[in-house]
Amino acid sequence: MATMTIAKAITAGLRRALAEDPKTLLMGEDIGALGGVYRVTEGLQEEFGKDRVVDSPLAESGIIGTAIGLAMRGYRPICEIQFDGFVFPAFNQITTQLAKIHARTSGQISAPVVVRIPYGGGIGSIEHHSESPEALFAHTAGLRIITPSNAHDAYWMTQQAVTSNDPVILFEPKRRYWLKGEVDTEQAGLDAFSAAVLREGTDATVVAYGPLVPVALAAAQAAEEDGNSVEVIDLRSISPIDFDTVTASVQKTGRLIVAHEAPTFGGIGGEIAARVSERAFLSLEAPVLRVGGFHMPYPVAKVEEHYLPDIDRILEALDRSLAY
């Protein structure tokens, strides 16, 4: 066991992936000598060389396009996008090329590319640095999308993403990069594409992922002080979604609240609400409720605390659910 921040757990996961497979390489802007904006790749170029940890031009479309070509030649490229809002120049390459190569070639060609994207708000940054675009990618078949909420998952999910033969988008919750936790470097635990029940409960289920998981756990603790038992599920995988785990929880508690930083309109929470309503309708004691960001461009830093879902907004949704 080792204590690491989420950022350093990702670093350790990348280091292990590079060491175990000479066909694995990193690509991105300023990831080499600088070690990335958040220093997640710090020291890796010195350790593995400039041919394995490549400082790319400022051209996200070029990064992904090059990675696709490398993957078709047998490599396993890991691409870093500096900030969530910078991924859109590469959106075409990801959704029309990377996601479809396997199907287009009737399974003859795989594209084992990992796209690392620091995402979410809470860092007091400027425009295009605090987006949560996961739903835009989840709508595209052919992509696997995962997001860790703790250091142990960050370490293992990074490696599981690299070994996947499907393209994987790894959304990293940037405001949680410095959150410390225990990492078992010998036992992975859950598969990267499964949900995890982090807290047992009987009165309601709260599903969250990535940066909002600590908020959901804190809300559940506050609810317990008021006499309410809340089960918390870390979704972990956004595509595919582990609906079996979510459904089983709702069948037990009868209530579901889905929380994420992204706007509720068109968000992942809507898909979960619809599926649970189909699969567990007779178990529901209240409508599925969603807690998320507002349907607006991400606001300026000085008011972002009013935009981001917090403990009070989850507890307010819980009160509404319990009132039915």
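Colleague: What volume does the second largest pocket have?
Modeller: Keep in mind that this is a predicted model. The lining of that second largest pocket has 7 nonpolar, 4 polar and 1 charged residues. As for the space itself, the second largest pocket has a volume of about 180 Å³.

Colleague: Which elements each supply at least two residues of the lining of the second largest pocket?
Modeller: Its lining includes Ala 135, Ala 138, Ile 238, Ser 239, Ile 268 and Glu 271. Those that each supply at least two residues are helix 6, strand 12 (237-239) and helix 10.

Colleague: And which element gives the most to the lining of the largest pocket?
Modeller: That largest pocket has a volume of about 380 Å³. Of its 22 lining residues, Glu 131, Ser 132, Pro 133, Leu 136 and Pro 263 are the closest to its centre. The one that gives the most, with 3 residues, is strand 13.

Colleague: How many nonpolar residues are in the lining of the largest pocket?
Modeller: Sorted by class, there are 3 charged and 7 polar residues in that lining. The nonpolar count is 12.

Colleague: What covers the buried residues of helix 9?
Modeller: Phe 243, one of those buried residues, also lines the second largest pocket. The cover includes strand 10 (204-208), strand 11 (230-234), strand 13 (256-263) and helix 10 (268-279).

Colleague: Which residue takes a positive phi just after helix 9?
Modeller: Helix 9 runs over residues 243-253. Just after helix 9 there's a phi of about 85°, and the residue that takes it is Gly 254.

Colleague: Why is strand 4 largely enclosed by the rest of the structure?
Modeller: On one side Arg 76, Ile 78 and Glu 80 are buried, and on the other Pro 77 and Cys 79 are too. In general, side chains in a regular strand alternate between the two faces of the sheet. Strand 4 is largely enclosed because its buried residues number 5 of the 5.

Colleague: How many bridges join strand 4 to strand 5?
Modeller: Strand 2 (residues 24-28) runs parallel to strand 4, joined by 5 bridges, and Leu 25 stands opposite Pro 77 there. Strand 5 (residues 114-119) also runs parallel to strand 4, with Ile 78 opposite Val 114. The bridges that join strand 4 to strand 5 number 3.

Colleague: How much space lies in the largest cavity?
Modeller: The structure holds 1 cavity of 30 Å³ or more. Among the lining residues of the largest cavity are Glu 80, Arg 116 and Tyr 177, and the lining divides into 5 nonpolar, 3 polar and 3 charged. The space in the largest cavity is about 40 Å³.

Colleague: Last one: within what arc do the buried residues of helix 4 fall?
Modeller: In helix 4 (residues 91-98), the buried ones are Ile 94, Thr 95 and Leu 98. Seen down the axis of helix 4, they line one face, because they fall within an arc of 120°.

Conventions. Residues numbered from 1 in each chain as written. Predicted model: local features only at pLDDT ≥ 70, side-chain atom pairs only at ≥ 80, totals over all residues. Heavy atoms only, no water. Buried < 20%, exposed > 50% of the residue type's maximum accessible area, 1.4 Å probe, protein only. Helix = DSSP H or I, 4+ residues; strand = E, 2+ residues; numbered from the N terminus. Contact = heavy atoms within 4.5 Å. Pairing = 2+ DSSP bridges. 1 Å grid on protein atoms, 1.4 Å probe; cavity = no way out; pocket = protein on both sides within 12 Å on 5 of 7 lines; lining within 4 Å. Points joined across faces, edges and corners; volume = space filled by probe spheres on them. Nonpolar A, V, L, I, M, F, W, Y, C, P; charged D, E, K, R; others polar. Arc of directions from axis to C-beta.
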